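Subject: The two-chain model, with notes

Hi,

Here is the structure I promised to pass on. Have a look at it first, then read on for what turned up.

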Amino acid sequence: MIHSLFLINTSGDLFLEKHWKSVISRSVCDYFFEAREKAVEPDNVPPVIPTPHHYLITIYREKIFFVSVIQTEVPPLFVIEFLHRVAETFQDYFGECSETTIKDNVVIVYELLEEMLDNGFPLATESNILKELIRPPTILRSMVNTITGSSNVGETLPTGQLSSIPWRRAGVKYTNNEAYFDVVEEIDAILDKSGTTVFAEIQGVIDACVKLSGMPDLTLSFMNPRLLDDVSFHPCVRYKRWESERVISFIPPDGNFQLMSYHISAQNLVAIPIYVKQNISFFETGSSGRLDITVGPKQTMGKTVECLVVTIHMPKVVLSANLNATQGTYNYDPVTKILLWDIGKLNPQKLPNLKGSLSLLSGAPKPEENPSLNIDLKIQQLAISGLKVNRLDMYGEKYKPFKGVKYVTKAGKFQVRT
Amino acid sequence: MSNNNVSYNEQVSLESGVDAAQENSSIPASVSGGLFSADYKKNEDLKEMLESNKDSQKLEAMKRIVGLIAKGKNASELFPAVVKNVASKNIELKKLVYVYLVRYAEEQQDLALLSISTFQRALKDPNQLIRASALRVLSSIRVPIIVPIMMLSIKEASTDLSPYVRKTAAHAIQKLYSLDPDQKEHLIEVIEKLLKDKSTLVAGSVVMAFEEVCPERIDLIHKNYRKLCNLLVDVEEWGQVVIIHMLTRYARTQFVSPWREDAVFDENSEKAFYDSEEERKVEQVKPYIMDPDHRLLLRNTKPLFQSRNTAVVMAVSQLYWHLAPKHELNIITKSLVRLLRSHREVQFIVLQNIATMSIQRKGMFEPFMKSFYVRSTDATHIKILKLEILTNLANEANISTILREFQTYVKSQDKAFAAATIQAIGRCATDISEVTDTCLNGLVLLLSNRDETVVAESVVVIKKLLQTQPSQHSDIIKHMAKLFDNITVSMARASILWLMGEYCEHVPKIAPDVLRKMAKTFTSEEDIVKLQTVNLAAKLYLTNSKQTKLLTQYILNLGKYDQNYDIRDRTRFIRQLIVPNEKSGALSKYARRILMAPKPAPVLQSAFKDRDRFQLGTLSHTLNSQAIGYLELSDWPAVAPDQSVRIVEVVEPVKETGAPVHGKSKPGKSSEKFYSDSEEEEEEEEEGSSSEDSSSSSEESESESESEENSDDSNKSSSSQSDSEKKKKTLKNKKLQQQKPDGKDRKQKNGNAVKGESRSESESASESSSSESSSESGSELDSDSDSDSGTDQKKNTRSKPVQSTLVTKQVEKKEVSLLDLDDFSPAAVPSPKSSILSPSLLSDLQGLSISPTQSALQASSPVFVPETSHELLHRMTGKGLSAQYRFTRQPCIYGNSMVSLQLTLSNSSDQALENIHISEKSSTGQNIHRFNAIERLEPQASVTVSMGVDFNDSTQAANFQLCTKEDEFSVSIQPAVGELLLPITVSEADFSKEQGKLLGMNESSATITMTPENVSSQSVNRKVVSVANLGVIPSSQENIHRFAGKTVSSGCLVLVSVALKDPDAVITINTERTVMGSMLLRQLKTALTNSDP
């Protein structure tokens, strides 16, 4: 399926290549470079590029292009999903997925790629199986290895590979047994000029950090499971239980993982925590404009809105901004044309305001469109949908684990049109 | 094209330049201190390192070589030095050598042959990982000479015990096929064999091989179709995608179309499918009956909509799109919309597929219209796709919303997107006649926009719109003519000129003026504008020659000498056509009709209109052109082919060999442990009632044992047919729930294939070991070697599937009764087991007929033997070996002061375990009587042995090492205090006498409040003897119960009396061992106050 993989950085250097079948010359990437040039922004590079003899399927992540070469028909999502999995594995192993870390760990990267695909077909993508086959690098281990000459490579087949629960490692042992669940909800919304909601939905995920010994069998139940109408689960979750009883029953992977994600699209359920009063205008003459933004709380369920940031992608003609913020700091980057206003905590008594003038490139026509505002915020201890975890039960092991649930609401793609 | 080539070459040279630079700069960087300056010297150095005899040096060298390979540099000259290390013991070094070999073997075929024998040897290695990786490399090195060896190895590996090796074999099939397609016939044989494999691990890979090698051999699938459907949920995600695509293709050839007009489904039918779809359909006298296999596929793929893998969700979506009845399609929508939150690239593909779907079925996505609203932060190609979908979704009802949204988009800073929006507005205008005028007016307003691209696009779209109804819009044309001077985009200028020419009769005054202006600027115009100018001139010449004759002449003269040959051609052609001269033929007479012919209006339609000719979710669909290797989705057959081809003679339990390792998985076991208390008690209750009602007891036990067998298997078969039975099961479970609280937990196990199945398997294993002749336990008694027990076990495991298949046939018929009885099986199984395997045959008889009153008469034999086994070693920690122990409560035959234990060892790996024994050293100093070493334990087999431990009357755990040939596992047995006793019988008088001696600090007592159900003498007796191995002393007083026993090691008396004073009870324990006394008291307290049955 996947024939070869090339990693290319944003400046167009090809810094790693791996072939799973016979070698394909790296000149095949020229078609990619062509498309890359045409697209201008790296985001705009088309994911699928046909060439006379091959097809290139590309993802762009962490400033790296993963360019895979395909020779025959294959579901493109198959390849895309796999490439993202590769990037996630790198992140998992090296802490971040960047050109430097990949170059520094090129041997491990190569060993990983060798294990993940056989003849272009995925072989082992579950991170705990990989970690048994190839141990992630740590400073301690690399020191021990140089002294003792032992290796990073597992000698036996990881037990998970053969079991029906490949996501869990065998023989897990902790002195402190703990299980934490973070309910993270992101509000995706588009508000129009007048502040009315054009579109709003909630994207939720439950991230788990489970450090439990042995083979625990967990059951997580909600106070109001009916809220969730569209869910997707980690493979460990027993779907039939969910269907019949609306509880999440699973044998967890060891460590951090995403248990489930859900989607609440019914608009009346989505509370919009803040409102934005804005007035951005550009004058016909004088190459200048005015900006006045006020942010205030709307439906915050009594919690405080934190980490409030307003980002504005200004039109190209805006040269500089001379503003005055009653709270927080603002920064205008004249190169990227991004105005960033970091407000911090929202104080309902004294609403933060940003006001002042913008100066434009003289002689240029005034911009057609007012830039839209992207809002970022965080509300602790609140799931905006009202979702609540009822209880977590553990079967199969005797000890009493420490359990914790945390709720956070964030702004996802939260946009205010002006 | 020529342009392309130039840039291509440039890039190559640039590339190589960069490369060379890197080469030079990297040398000092990678070799410390810059000792070596030239490339070949560096390789010399690597060679030296490879030839050193230190593994660390070699490893270092290999790591650097892999670094070179990763950068795409040539390291082929090191081949001889590297290949020597292929047999290295160091596994990491070996792996890196493998990487190198696979990369360069093709170039150095002769040398590569040197390594072959090493792989052949490794193929026989006992370690499955080594076998598998040897096969991987052997099949990857692409040296044609070794094709026969590869073929042989693949055949061998396809029958390997390890599913992992079989999976590797499936991958190797594709490699061999691409190396030598002539092997196809042989490979198909292997594929056929592997398709029958029941391991979920193999399924995905072999279907992949099937798709690559012989996708046309659809007949190979028939027999495996149902199995694949049932396995699908458990296959790893990548395999799921491949299998789903293959099954889609299969279904389209085997089933009739569910899309027929007359196939009207009523709303409830979907729910009823689980019951008995066929019946239902027949009842309704519907002309279309869906093949049950077709339904099976749809039903089994449905849970995959919830997968976290986007490729799986997309695959199921396309399966539903291509196979499901139209009214069931709505399930696709939500899942696909959910994927839109994923990565940019995923969005792109999903949106493309939604675009195709939304053309055919607007209704599906209309409720989610707002999910396709565009954000300013989206990438351009995403924006354009969303726009496409919004346009597809537009109808009379929502057009105003959509147009309002479009208004925002038109103002976008992303001009390419703004232009696309204008086209979308144009499409809406033609599609929905109500808004045509509104759209046109809006577009005209855009003509005064400051941005050129917006204006130009508007002009082009207006041109297209006007073509449909030109007469009413002469004012728009006039307006455009006015704007003409300000528009610089050539396409827009050309469009206006074309409009003028085409409708010059509507604007007779303006058109000549425009031509006049064009004549002035002709030379500086773009080619496309020049062409349209010539056109305009020609048309005006024909309609209004009086005013424009000279102008036309002038323009034609300019065009005649233009640099562009197209324009020169056109000019010459037009001149001949319209200006009559002696040379011009008959054509000029028709000039007017040629040039002014009414032209059909262009149809504005979606770019995705014809994409549905490709299967959704495929590369071909994305590219809108057939990719290499695309397999056409056939049309539904008019008449369904024979359905019986899919019938497999016996419905085998699916996961019998499915995942051997988890045969006795921990969850199964631990859950057993978890629930066992209640089960045990339940069993007792059963017995209690049967003793009361003794006449029916024998009958009951008989039916019970029968049902236990059946239900055991029904558990197993339920995993294969789980879905078809699901509904019934839940029904059943509801029933169970009413019966007892435990039912709910049981249901959970059923719902979950892993747990439920592993549980049943472990049960069946224990059952089979118990049903095995008692000769085995006899041999243990004689302390013979267990050499034959291994083979016995083997036989046993082989016979198991047969047995179960027999029963599965019955399952269907007997279902209801079976499922009810399912409940009792775990309780009923162990009792014969314990009796047969316990060392003392005499007391066995008692084990079989436990009845408290009866056994009290017997001296020094246990009143009650608990069935609870405790885990000693989990299969995960034990690398496949698992061990459980239970207390037999028999006097130990190995020593008077020892506690007798029974150990059940099972092998859940896929290799035989050899030489299982307890190591000599015991860490805590207890005296342990070891069982005889078990020479060999076959996979999936289990063996029961007995051993003795002298706990010294202490509850301190006995720690020892359980060893196999390769490994050692530290395990420990922690006895409950009640197990450190042996029952004795004394007369009531003696009891009182002894009790009198043990007063003061030797006595401990407690008052408890009894729950009403514990008050009966039977329940008190039962509770006490289940906690501690005590004998019941017949009592003359009804409200006092007495029990007696002695400690195993020291033989101290332990006297327990329970005096009932409604509602309280006083427990008194008299013993010299006060510590044990108080521990026992605590346990009795909890046992007697617990209210559960």
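Before anything else, a term you will meet throughout: a residue counts as buried under 20% relative accessible area, exposed over 50% and partly exposed in between, with a 1.4 Å probe and protein chains only.

Some housekeeping: this is a predicted model, where local features need pLDDT of at least 70 and side-chain atom pairs count only at pLDDT 80 or more, while totals for chains, interfaces and linings use all residues. Residues are numbered from 1 along each chain as its sequence is written, chains are lettered from A and ligands numbered from 1 in the order in which they are written, and side-chain values use heavy atoms, with hydrogens and water left out.

**Chain A**

Chain A has 8 helices and 23 strands; both are DSSP runs numbered from the N terminus, helices being H or I with at least four residues and strands E with at least two. Of its 418 residues, 61% count as buried. Chain A exposes about 16,200 Å², and 50% of that comes from carbon and sulfur atoms (Shrake-Rupley areas, 1.4 Å probe; for residues, only the protein chains shown count as cover). Take the contacts in chain A (heavy atoms within 4.5 Å) between residues at least 6 apart in sequence: 68% of them join residues at least 24 apart.

Arg61(A) is buried, at 12% relative accessible area. Its side chain makes a polar contact with the side chain of His84(A) at 3.1 Å. A polar contact here is a pair of N or O atoms within 3.5 Å; within protein, one must be able to donate a hydrogen and the other to accept it, and residues adjacent in sequence count only if both atoms are side-chain atoms. Leaving aside neighbours within four places in sequence, Arg61(A) is in contact with Phe66(A), His84(A), Ala87(A), Glu88(A), Gln91(A) and, from the other chain, His343(B).

**Where the chains meet**

On the interface, 121 residues of chain B are in contact with 121 residues of chain A. Between them the two chains bury about 10,600 Å², 57% of it on carbon and sulfur atoms; that is the accessible area (1.4 Å probe) that two parts lose on being put together, summed over both.

How many salt bridges are there between chain B and chain A? The count is 12, taking a salt bridge as a side-chain nitrogen of Lys or Arg within 4 Å of a carboxyl oxygen of Asp or Glu. One salt bridge joins Arg417(A) to Glu405(B), with the closest N and O atoms 2.7 Å apart. There is also a network of salt bridges linking Lys18(A), Glu114(A), Glu115(A) and Asp118(A) with Lys95(B), Arg136(B) and Lys175(B).

The side of chain B that touches chain A divides into 40 nonpolar, 45 polar and 36 charged residues. Ala, Val, Leu, Ile, Met, Phe, Trp, Tyr, Cys and Pro count as nonpolar, Asp, Glu, Lys and Arg as charged, and the others, Gly among them, as polar.

**Inside chain B**

Over all chains, the salt bridge count comes to 49. Here are some from chain B.

Asp160(B) and Arg131(B) pair up at 2.8 Å, N to O. They sit 29 residues apart, Asp160(B) in the loop between α9 (147–157) and α10 (163–179), Arg131(B) in helix α8 (residues 128–140). Asp160(B) is buried at 14% relative accessibility, and Arg131(B) is buried at 11%.

Asp635(B) and Arg252(B) meet at 3.9 Å. Asp635(B) lies in the loop between α34 (619–623) and α35 (666–692) and Arg252(B) in helix α15 (residues 237–254), so the pair ties together parts that are 383 residues apart in sequence. Asp635(B) is exposed, at 62%, whereas Arg252(B) is buried, at 7%.

Lastly, Ser88(B) is in the loop between α4 (79–83) and α5 (91–104) and is buried at 10%. A polar atom of the Ser88(B) side chain lies 3.0 Å from the backbone nitrogen of Asn90(B). Beyond neighbours within four places in sequence, Ser88(B) is in contact with Asp55(B), Leu93(B) and Lys94(B).

Cheers
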